[in-house]
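Here's a short tour of a protein model, written for someone meeting it for the first time. Keep the structure open and turn it as you read.

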Amino acid sequence: MELGSRGSFIQFSSAFCTPCRATRLLLEGVAAANPGFIHHDIDAEAHLELIRRLHILSTPTTIILDRNGVEVGRASGAPKRDDIERVVASLR
């Protein structure tokens, strides 16, 4: 999986999850507005082993990675824009 040069949003979603769609739009927008950030949306149902390994308990869950792939934040449920922006600012 490609990582952003500043950070990455790794979103775990399920097909019929309304908050997942809202989260996708938020994270895509934040990534587009912040060069060096990338967003990946992973179908939780298609990656059950990964879900278990990462202790994903609900969708959407977003894991935020720094440029080295180290987890620096996690949101279960739809994240708030302010929280995402705060993490982005910390990775500058």
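Pro-60 is found in the loop between α2 and β3 (61-66). His-55 is exposed, with a relative accessible area of 61%. (Buried means under 20% relative accessible area, exposed means over 50%, and partly exposed is in between, using a 1.4 Å probe and protein chains only.)

A word on where all this comes from: the model is predicted, so local features need pLDDT of at least 70 and side-chain atom pairs count only at pLDDT 80 or more, while totals for chains, interfaces and linings use all residues. Residues are numbered from 1 along each chain as its sequence is written, and side-chain values use heavy atoms, with hydrogens and water left out.

## The sheet and its helix

Next, find the open sheet of four strands, which has the order β2-β1-β3-β4 and mixed pairing. Its edge strands are β2 and β4 (71-76), and each of them pairs on one side only. Two strands pair if DSSP finds at least two bridges between them. On average, neighbouring strands of this sheet are turned by 15° against each other, direction ignored.

Zoom in on β3 and β4: they run antiparallel and are joined by five bridges. Ile-63, for instance, has Arg-74 in β4 as its bridge partner. Now bring in α1, which lies across β1 (7-13), β2 and β3 and runs at about 170° to β1. (Axes are lines fitted to C-alpha atoms, for helices over the stretch in contact, and angles run from 0 to 180 degrees between N-to-C directions.)

## What's packed inside

Which residues make up the largest nonpolar core? There are eleven in all: Phe-9, Leu-26, Leu-27, Val-30, Ala-31, Phe-37, Ile-64, Ile-84, Val-87, Val-88 and Leu-91. α1 and α3 each supply at least two residues of this core, and the largest share, four residues, comes from α1. A second, separate core of eight residues includes Phe-12, Ala-44, Ile-51 and Ile-56. (A nonpolar core is a set of buried Ala, Val, Leu, Ile, Met, Phe, Trp, Tyr and Cys residues joined through side-chain atoms within 4.5 Å.)

Phe-37 lies in strand β2 and is buried, with a relative accessible area of 8%. Leaving aside its neighbours within four places in sequence, Phe-37 is in contact (heavy atoms within 4.5 Å) with Arg-6, Gly-7, Ser-8, Phe-9, Ala-31, Val-88 and Leu-91. Phe-37 and Gly-4 are 33 residues apart in sequence, yet their C-alpha atoms are 4.8 Å apart in space.

## Charged pairs

Side chains of opposite charge can pair when their charged atoms come close. How many salt bridges does a search of the whole structure find? It finds five, where a salt bridge is a side-chain nitrogen of Lys or Arg within 4 Å of a carboxyl oxygen of Asp or Glu.

One of them joins Asp-41 and Arg-24, at 2.5 Å from N to O. Asp-41 lies in strand β2 (residues 37-43) and Arg-24 in helix α1 (residues 18-33), so the pair ties together parts that are 17 residues apart in sequence. Asp-41 is partly exposed at 31%, and Arg-24 is partly exposed at 24%. Another salt bridge links Arg-86 and Asp-83 (2.5 Å, N to O). Both lie in helix α3 (residues 81-90), three residues apart, about one turn of the helix.

## One disulfide

To finish, look for the sulfur atoms. The structure holds one disulfide, meaning a pair of cysteine sulfur atoms within 2.5 Å. It joins Cys-17 to Cys-20, S to S 2.3 Å. The torsion about the S-S bond is about 85°, so the disulfide is right-handed. Cys-17 is buried at 8% relative accessible area, and Cys-20 is buried at 0%.
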